[in-house]
Every structure is written in C-alpha cells, then in structure tokens.
Amino acid sequence: TYPARRRTIADFILRRRVPLIYAVNGASLKLDRGRTLVLLGESGSGKTTLGRLIVGLERPDSGRILVDGEEVPYVGNKAYVNSKLRGKLQMVFQDPSSSIDPFMSVKEIVSEPLTKLHLSKNEVMKAVNEALELVGLDKSFLNRRSSDLSGGQRQRVAIARAIITRPELVVLDEPTSALDASIQAQILNLLVKLQRELNLTYVFITHDARVAKFIADYVAVMYLGKVVEYGSADDVFNEPLHPYTQVLLSSVPTVGTRGLPKTIIGEVPSAISPPKGCPFWPRCPYATDACKAVYPQRRIIENREVYCHIYNKG
Ligand code: SF4
C-alpha cells in the first residue's frame, strides 16, 4: 500500500511502464541493545537499502522500524527534527573517501552531527576530542584535511563522527571492504572495543562471511531483497539451513581444509524481473517445480527463521 504522495509516484511509474523494483521486501527482524546483527549477502541483495531504512535515510512503502518503541522518522520529514531518535541513529559508509568531504578539516567533519544541537564552542570541542580519543586519534589530527589522511585514518574519522552523539544504534555499511587486510582487522577490533565501552548496537552490512563470523551475534542472510535465513550467529554458522547460506559459507576458505573453496554458480538475478517462486531457484541444487512456482513460507526451526520449501514437511 502507498500513502497518497507515494501512490502518485507509483502510478507515474506504472503509466510510464518503468518497472517497479522492490529493493527490500518483507524483512522482519529484531535486535537487542548492545548486540550486532549482520546483514549478509551478495551485492544486489538489498542490504544497504535495509540499512538506510533503519536509520531513516529511506522511507518504507509499508511497515515500520521501531527503536526503543519509537518509530524511526524519515530524515526528510519535519517529524525528524523533534524526534527523540534524532542523532541516536547513525550510519558509517563503505568508502570514507566518498562519504567525507576531502576539503573539510577533521574537526569540522567530526563535529558535523552537533551543528543543530545548540551547544557552546567549548562543549563541541570537548565532544570532538573525546570522540577522536575513542577512535585512537589525538588532537594533532584536528586541523588536518581528510584528503591528507590514510584510508584507515579516514574511516576512524567517519566512526568518530558517527559516535559523537552517543547513538543508540549504528549501521555500518561494509566499513572495512575498501581497506587493506591489516587495516580491516584494526577497524574491526576498534568497532568491537567501542561497542563494549559505549554499549552500542550495530547493524553490520557485509558480503564477507569471514567478517560476519568475527563480529555477528545475529545474522540475517539476504537474497534479492528478501531475508532467507535469520538466527543467532552460532546457529547459522555452525549449521546453515538455507541452501543459499550453505553455499555462501562454503565459499569461505578455512584453515585445515584441502582444495579450493566452493563457488556459487551464476549471479544474483535482476530485481527488474526476479524469478517466480523462490528467487534462488535458478542457482539452487535442490530446486523442484514447487520452488519455481511458489515463494516459500517462513518456517521456525529451533529459534531460526528460514524460507525454503525443503523444510515444509517439518
Ligand atoms: Fe532451493 Fe527450493 Fe529452498 Fe529455494 S525453496 S532455496 S529453490 S530448495
């Protein structure tokens, strides 16, 4: 269903015969304070759109996102200005080179979320210094331009900007994938440390199952805009139920195994014309006629949600 203005846009799209694409459809997830939910999947699975919806950067056509019982407002709405959640939801983007202005100083970048909070200069500087210290940067960085920093330092600055308002929840969109392997490990360790110290709640977006294993408390595996499996990290990684999760995890090389890791056959289909039935059937070794005709219902198996016809018979 669409509210009036959205209906107009949808009508316009339909009249022009522009295909209507559902980037995320039917996702229903819960996350406890101080824990990490990983959204895991290949590119095109809807992870980033779901992350943007969670912090109010996108507006859902239907459904709600609640943080502490409060509905997340769209940042473009007037309701956002007076919302209790203003400043409490933050996002760190994949590539710090494009998410922060190269001509701004570190001080300007980190203090940006405080600009409309009517704080004194001293209060702002105190908060900036504290945020920099938390991410392992000292005062000597204050007046440096972000273009003079390394990729790892830029990502630390982006994280400082995200935590300066002491948020309830931070969405981290592939925060390490643009960095060298050694720097990736440093940033992941920093995120774990910050979560413990500030009791942060994370939604961590990644296509990398190794990163997911390191940081996740819960995992939602996504495929073509849908959550196909959702459960605790221990359950999902130790015994993946959905065939897509199984191939995704078996494509990760592990110490002690011989031979090459398995690769997933084919590519994620286009969201413009998704396959009928289960969207994974063109790549699934277990696909049956039922899979090609009907989208699988949700099954709960020992606290895990899974969408696959294999589990229909219990
Ligand atoms: Fe494979 Fe069918 Fe399960 Fe989809 S529903 S993952 S095609 S077995």
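In the predicted model, 44% of the 314 residues in the chain are buried. The chain comprises 12 helices and 10 strands, and, among contacts with a separation of 6 or more, 62% are between residues 24 or more positions apart.

Helix 8, which covers residues 181-198, has 18 residues and reaches 26 Å from its first C-alpha to its last, close to the 26 Å expected at 1.5 Å a residue. Helix 8 is followed by N199, for which phi is positive, near 55°.

In helix 11, which spans residues 243-250, the buried positions are P243, Y244, T245, L248 and L249. The buried residues of helix 11 pack against helix 9 and helix 10 (233-238), and also against strand 1, strand 7 (218-223) and strand 8 (226-232).

The ligand sits in the largest cavity, where 13 residues surround the ligand, the closest being C278, C284, C291, C308 and H309. By class, the shell around the ligand consists of 11 nonpolar and 2 polar residues, with no charged residues.

Methods:
Residues are numbered from 1 along each chain as its sequence is written. This is a predicted model: local features need pLDDT of at least 70, side-chain atom pairs count only at pLDDT 80 or more; totals for chains, interfaces and linings use all residues. Side-chain values use heavy atoms; hydrogens and water are left out. A residue is near a molecule or strand if one of its heavy atoms lies within 4 Å of it. On a 1 Å grid over the protein atoms alone, a cavity is a set of points where a 1.4 Å probe fits but cannot get out, and a pocket is an open set with protein on both sides within 12 Å along at least five of seven lines; lining residues have an atom within 4 Å of a point. A molecule sits in a cavity or pocket if more than half of its atoms lie within 2 Å of its grid points. Ala, Val, Leu, Ile, Met, Phe, Trp, Tyr, Cys and Pro count as nonpolar, Asp, Glu, Lys and Arg as charged, and the others, Gly among them, as polar. Helices (H or I, at least four residues) and strands (E, at least two) are DSSP runs, numbered from the N terminus. The expected span of a helix is 1.5 Å times one less than its number of residues. Buried means under 20% relative accessible area, exposed over 50%, partly exposed in between (1.4 Å probe, protein chains only). Contact means heavy atoms within 4.5 Å.
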